[in-house]
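Hi there,

Here is the structure I promised to pass on. Have a look first, and my notes on the aromatic side chains and the surface follow below.

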Amino acid sequence: MLDRPHPTPSAPTLDEKTLANALSTQHFIAGRFVPARSGKTFPVVNPATGEAVGAAADGDSADVDAAVQAAAAAQKDWAKLPARKRGALVGQCAAILTEHAEELARLIALETGKALRTESRVEANVVADIFSFYGGLGGELKGETVPFAPNVLSVTVREPLGVVGAIIPWNVPMLLMALKVAPALVAGNTVVVKSAEEAPLAVLRVCELLNRVLPPGCFNMLSGFGPECGAPLVAHPKVRKVTFTGSAEVGRIVSKTAADKLIPVTLELGGKSPMIVFADCDFEKTVMGAITSMRFTRQGQSCTAASRIYVERPLFDRFVAALADKVNAMVMGDPLDEKTDIGTIISPGQFEKVKAYIDEGIATKGAKAHVCSTMPKEAGLKKGLFIQPHIFTGLPNSSRLVQEEIFGPVTCVFPFDDAAGVLEAANDSEYGLAASLWTNNLKVGLDLAHRIEAGLVQINQNLVVQANLSYGGVKSSGLGKEASLEAMLEHFMHKKTIMVNYA
Ligand code: NAI
Ligand code: MG
């Protein structure tokens with residue numbers, strides 16, 4: 001097994017296959033690429049072709065311990081740096097990430113099947129933006145003075161928590177890693193990330209790039225499976241905070257371990273986000289808004305995807321027809337082809353899961369499926385995990401397709417008659433991550449925005465996560481916020497009270 005002590009800085013490369021190979025079989029610990037202690041690896045597969053494009057180190061508790069010890073050793077010196085200096089270093093990463101954005105985009109397209117033009121490039125650029133944003137916030141780690149008593153100076157200071165364990169999924173792995181790593185570092189913590197087994201390579205390249213600026217050990221990256229590598233990371237005694245993005249099911253497991261250790265945990269879990277369309281909306285803008293909201297360019301593999309669309313009855317038929325027309329015009333194909341709008345599902349497991357929902361929807365009495373776009377015909381993509389987008393109407397509210405997160409290119413559309421009824425339907429969900437409302441009547445829109453159960457509500461737009469705006473759900477969608485200054489202060493630091501009696 002190759003042990004590469006010092007990652008060689010290399011210029012951006014657009015040859016994603018060579019890069020995937022070069023990043024294979026390694027964790028990133030204490031500024032070095034190292035293989036798994038066990039020597040085990042598992043394949044990384046391009047879901048558009050079914051071909052292995054590399055391999056990942058198969059991490060277990062021995063690797064977790066090595067990474068956490070490295071992070072703990074680095075943390076004291078890192079926390080001693082002036083906060084603005086830490087911010088400046090994190091900010092410097094943004095320029096390197098921008099310089100390498102295109103190669104990161106190609107690499108993430110290769111390992112996840114996300115279309116380069118519509119998805120992967122967007123992710124690569126947002127990653128740099130998040131580092132740039134948090135890099136500017138080093139001076140904001142302020143405490144308070146408390147008027148306690150005469151001749152007693154009473155202040156609070158913010159301190160880092162220590163080693164942060166971060167577990168990320170595969171749908172936007174670089175972005176979700178950035179949302180955790182950048183604020184954790186600026187706050188003075190060090191980090192061990194456990195990547196998703198389906199997408200371990202692009203995040204490793206990000207590590208190598210960050211390592212050009214940040215001291216070794218400040219952040220470390222392990223690849224491996226959930227129970228074998230993720231669980232021991234959460235359980236490690238030196239991990240003092242866990243931040244997790246993924247399924248509600250695993251979020252509950254992570255949360256239980258964190259509860260036993262009495263450490264704070266941030267959870268970004270699933271969603272079943274409603275989009276509510278009133279008859280007075282700007283029609284064309286709203287149809288295009290639905291295209292963005294459904295995240296079909298990412299095969300619907302987004303926790304904020306509008307997977308339930310409620311349309312005021314007079315507009316219903318026209319809206320569904322326009323939506324189906326627009327999705328029909330989207331091109332499914334090779335994720336790395338500039339013409340492609342829609343790439344593939346991430347893995348055979350997710351493919352089967354999504355197919356099962358679709359089959360169930362088609363078999364439901366009274367339901368109708370608009371099956372959109374066309375399957376790619378190229379011979380090389382025969383084994384690709386492509387699924388045509390499905391727009392369902394006529395499903396009962398009790399259907400699994402309406403209640404559960406599908407994480408696939410499936411949307412259910414319903415007619416509604418009044419604001420009270422649609423609010424009740426929208427809130428009839430286990431989840432509460434995001435929602436969007438489309439109307440020119442801001443009185444109606446704002447009234448609903450206040451009453452809808454979600455962490456993020458947008459009127460007449462539906463943007464993805466943005467730096468500077470708190471992001472995170474209620475109900476089974478999670479605990480805590482990400483992406484903002486407040487998220488860094490509240491979730492990656494604690495407040496200490498210091499009192500000085502000078503009487
Ligand atoms: P998952 O929740 O199993 O995986 C997410 C991360 O958690 C991965 O890094 C995984 O290795 C890790 N993990 C799994 N078991 C663990 C454990 N016991 N302890 C610690 N870490 C563990 O998600 P999966 O299986 O990839 O997808 C299943 C469903 O989850 C999807 O269909 C979707 O509904 C939802 N999901 C939601 C995401 C979001 O952005 N909120 C992202 C990915 C999946
Ligand atoms: Mg799982």
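For the aromatic part, rings of Phe, Tyr and Trp count as a pair if their centres lie within 6.5 Å. Please keep in mind that this is a predicted model.

By that rule, the structure holds eight aromatic pairs. One of them joins F42 and F225: the ring centres are 4.6 Å apart and the planes meet at 55 degrees, so this pair is tilted. F42 belongs to strand 3 (residues 41-45), while F225 sits in the loop between strand 8 (219-222) and helix 8 (226-235), so the contact ties together parts that are 183 residues apart in sequence. F42 is buried, at 7% relative accessible area, whereas F225 is partly exposed, at 30%.

Another pair, F278 with F416, is edge-to-face, with 5.2 Å from centre to centre and 80 degrees between the planes. This pair also links distant parts of the chain, 138 residues apart: F278 is in the loop between strand 11 (273-277) and helix 10 (283-294), and F416 is in strand 15 (residues 410-416). Both F278 and F416 are buried. You will also find F28, F33 and F219 linked by ring pairs into a cluster.

The charged end of R318 sits over F283, 3.7 Å from the ring centre, and K241 lies over the face of F492, at 5.5 Å from the ring centre.

Lastly, the surface: L153, I498, V500 and Y502 make a nonpolar patch of about 360 Å². L153 is part of strand 5 (residues 152-160) and is partly exposed, at 42% relative accessibility.

Technical notes: Residues are numbered from 1 along each chain as its sequence is written. Chains are lettered from A and ligands numbered from 1 in the order in which they are written. This is a predicted model: local features need pLDDT of at least 70, side-chain atom pairs count only at pLDDT 80 or more; totals for chains, interfaces and linings use all residues. Side-chain values use heavy atoms; hydrogens and water are left out. Patches are made of residues with over 30% relative accessible area and no salt bridge: like charges are joined within 9 Å, nonpolar side chains (Val, Leu, Ile, Met, Phe, Trp, Tyr) within 5 Å. Accessible areas come from the Shrake-Rupley method with a 1.4 Å probe; for residues, only the protein chains shown count as cover. A salt bridge is a side-chain nitrogen of Lys or Arg within 4 Å of a carboxyl oxygen of Asp or Glu. Helices (H or I, at least four residues) and strands (E, at least two) are DSSP runs, numbered from the N terminus. Buried means under 20% relative accessible area, exposed over 50%, partly exposed in between (1.4 Å probe, protein chains only). Rings of Phe, Tyr and Trp (its six-membered ring) pair if their centres lie within 6.5 Å; planes under 30 degrees apart count as stacked, over 60 as edge-to-face and the rest as tilted. A charge sits over a ring if NZ of Lys or CZ of Arg is within 6 Å of the ring centre and within 35 degrees of the ring normal.
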